[in-house]
Amino acid sequence: VTGSCRWPGLVAGFTLASLLCGCAGSSRTDDDYREKVANTAEAIQGLIGTVQVAVSAAARDHIPAPYLSVTLAEADDDASAVADQLDSRQPPSAAADELRDRLDELLEQTVSTLDDLRIAVRRGEIDKLAALAKPLTHLDAKLQEIADLDQ
Amino acid sequence: MKRVLQIALGVLTAIGGFVDIGDFVTNGLVGARFGMSLAWVVVVGVVGICLYAEMSGRIAALTKRPVFDLVRERLGPRAALANLLASYFINFLTLTAELAGVAVAIQLATSVNYLLWIPVVGLFMWLVVWKMPFSVLENVYGMLGLFLLVFVVALWKLGPDWGHLVSQATNPTVPHGEGHPTWFYYAIALFGAAMTPYEVFFFSSGAVEEKWGRQDLLTNRMNVYIGFPLGGLLSLSVMACAAVVLQPHGVEVHHVAQVGLPVATAVGKLGIAAMLLGFFAATFGAGLETLMSGGYSISQYFGWKWHKDTPARDAARFHTVVLITLFGAMALALTTIDPVTVTEYSVVLSAAALPLTYFPILVVANDRNYVGDKTNSAFTNTLASIYLILIVVVAAATIPLMLATKAGL
């Protein structure tokens with residue numbers, strides 16, 4: 001093999017490896033699906049944490065409105081993306097269906113709460129944020145129950 | 001004041017190297033995910049970059065020639081071309097990320113989408129390279145970058161359990177629920193960020209731009225031993241703030257805005273203003289470093305005139321390379337590619353290219369034909385050899401770990 005022939009092979013190999021890294025794997029077993037659901041729940045909990053820290057700073061007038069607006073918008077977009085990603089995975093059994101429905105409901109409520117927060121910031125209603133963010137504590141606890149399923 | 005400004009080159013290089021957009025987010029991510037358990041990597045990285053940056057500055061001061069020039073001479077045109085292509089590609093990716101990073105800083109101050117700011121930032125960056133003298137550039141962006149010290153203030157005001165932080169840092173263990181490969185992947189990312197090749201290219205080229213000579217060896221040491229540890233301190237303080245505020249909430253850091261939340265919590269609006277100013281300067285400075293490093297390395301490889309302060313008509317090819325590189329990076333940034341991901345990849349890939357940069361520096365720093373009686377001491381050579389082995393191990397492990405962990409997922 002000459003040096004000039006090796007390059008396309010290397011490039012193709014690297015490209016294939018990169019593509020494989022980016023692919024979402026399918027869930028063949030309940031255990032696998034449960035792990036993915038738990039990871040999704042943890043990811044959403046992380047976003048709830050971000051929003052809680054930001055709202056807490058806003059309540060003390062510690063964060064400029066544009067900064068807060070961007071932070072909440074990013075959390076909202078990320079939560080929607082995580083929810084879409086879960087929807088793209090097929091549950092392998094009826095038990096997995098049930099698990100998915102449980103998480104779906106929580107994701108829907110979380111995204112809806114984040115939407116409300118985002119809109120309130122855009123309208124300059126900073127004083128309403130703490131009240132609007134209250135459901136997040138309960139949602140966080142419920143998501144923790146799902147995250148714990150993988151322990 | 002003159003003494004302070006003399007270390008601006010080291011401060012700018014280090015701040016660009018340690019707290020540009022990718023490092024900034026990586027430090028926040030590592031702190032929120034692993035606590036201070038990877039702090040040791042920053043310390044190892046600071047020692048390594050001090051060691052090799054001192055050599056590159058000393059070589060530049062004594063030979064009046066920058067590192068890349070000598071890489072070509074010592075490795076030959078073919079090996080140097082491989083180094084040039086690798087370093088230019090990494091520089092290009094990093095520049096793309098920095099352009100977007102500056103735009104993100106403005107977005108956080110205005111809430112206007114960052115994509116709209118990219119052309120403005122690109123134009124401003126070109127004007128700075130075109131018009132601003134090198135000494136003004138390094139002083140302005142190096143010193144403004146110091147506003148990031150607000151993270152040190154924030155950490156102090158947060159009043160953390162210092163014993164716990166120190167214990168995490170001195171007894172590093174992989175946190176529960178995390179895998180060893182992921183932990184090592186982020187260790188490599190932090191090490192690669194600390195020792196990213198453009199730092200020595202920029203630092204040594206800056207030394208030549210500054211016309212350092214034998215009498216400036218003390219200035220070189222001051223730049224290295226103050227600038228780079230300062231970059232490391234900023235890196236650690238960002239990590240510690242994230243460990244204190246974000247880790248308890250299970251936050252997974254993906255955005256610049258998240259990294260600043262501990263500052264908002266502890267210092268308030270003024271702190272956020274300081275952070276954004278410092279972040280703007282650090283990313284803009286890193287953008288200038290990578291942009292000019294791209295121009296420097298290509299010009300130095302082909303033997304073109306490359307000094308920034310040389311009139312444009314006399315260094316036309318250098319300025320053309322800079323302009324084309326800038327346009328390319330702006331175009332890539334405008335595709336909405338995630339700047340944080342781009343720079344994380346570029347940092348990790350730069351770890352794979354480290355031996356090509358650092359081996360020739362070690363060789364030249366021991367060659368009396370270049371540095372006369374100012375060759376490395378036995379201690380420096382021992383330490384530098386240990387680091388070279390470490391660099392080779394890191395370079396070999398980078399790509400497999402990246403694939404195994406799906407880039408740190």
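K269(B) and D61(A) form a salt bridge, with 2.8 Å between the closest N and O atoms. A salt bridge is here a side-chain nitrogen of Lys or Arg within 4 Å of a carboxyl oxygen of Asp or Glu. The model is predicted, so that local features need pLDDT of at least 70 and side-chain atom pairs count only at pLDDT 80 or more, whereas totals for chains, interfaces and linings use all residues. Residues are numbered from 1 along each chain as its sequence is written, chains are lettered from A and ligands numbered from 1 in the order in which they are written, and side-chain values use heavy atoms, with hydrogens and water left out.

The count of salt bridges between chain B and chain A is one. Ten residue pairs are in polar contact across the interface of chain B and chain A, both residues being at pLDDT 80 or more. A polar contact is a pair of N or O atoms within 3.5 Å; within protein, one atom must be able to donate a hydrogen and the other to accept it, and residues adjacent in sequence count only if both atoms are side-chain atoms. On the side of chain B that touches chain A, the elements that give two or more residues are α5 (67-110), α13 (256-266), α14 (269-302) and α19 (378-404) of chain B. Helices (H or I, at least four residues) and strands (E, at least two) are DSSP runs, numbered from the N terminus. With seven residues, α13(B) gives the most to this side of chain B. Sorted by class, the side of chain B that touches chain A holds 13 nonpolar, eleven polar and three charged residues. In this sorting, Ala, Val, Leu, Ile, Met, Phe, Trp, Tyr, Cys and Pro count as nonpolar, Asp, Glu, Lys and Arg as charged, and the others, Gly among them, as polar.

The contact (heavy atoms within 4.5 Å) takes 27 residues from chain B and 27 residues from chain A. The size of an interface is often given as the accessible area lost when the parts come together. Chain B and chain A bury about 2300 Å² between them, and 63% of this area is on carbon and sulfur atoms. Buried area is the accessible area (1.4 Å probe) that two parts lose on being put together, summed over both.

Over all chains, a search of the whole structure finds eleven salt bridges. In one of these, R118(A) meets D76(A), the closest N and O atoms being 3.1 Å apart. This pair links distant parts of the chain, since R118(A) is in helix α4 (residues 94-122) of chain A and D76(A) in helix α3 (residues 65-87) of chain A, 42 residues apart. R118(A) is partly exposed at 29% relative accessibility, whereas D76(A) is buried, with a relative accessible area of 2%. Buried means under 20% relative accessible area, exposed over 50%, and partly exposed in between (1.4 Å probe, protein chains only).

Also in chain A, the side chains of E125(A) and K128(A) form a salt bridge at 3.7 Å, N to O. E125(A) is partly exposed at 23% relative accessible area, and K128(A) is partly exposed at 43%. In chain B, R33(B) and E178(B) meet in a salt bridge of 3.0 Å, N to O. R33(B) lies in helix α3 (residues 21-34) of chain B and E178(B) in the loop between α9 (162-170) and α10 (180-194) of chain B, so that the pair links parts of the chain 145 residues apart. R33(B) is partly exposed at 23% relative accessibility, and E178(B) is partly exposed at 21%. Salt bridges that share partners join D76(A), D77(A) and R118(A) into one network.

Over all chains, the search of the whole structure finds 15 aromatic pairs. F203(B) and W212(B) are an edge-to-face pair, at 5.8 Å centre to centre and 80 degrees between the planes. Rings of Phe, Tyr and Trp (its six-membered ring) pair if their centres lie within 6.5 Å; planes under 30 degrees apart count as stacked, over 60 as edge-to-face and the rest as tilted. F203(B) is buried at 0% relative accessibility, and W212(B) is buried at 4% relative accessible area. F203(B) and F228(B) also form an edge-to-face pair, because their ring centres are 6.0 Å apart and their planes at 75 degrees. Ring pairs also link F24(B), F151(B) and F279(B) into a cluster.
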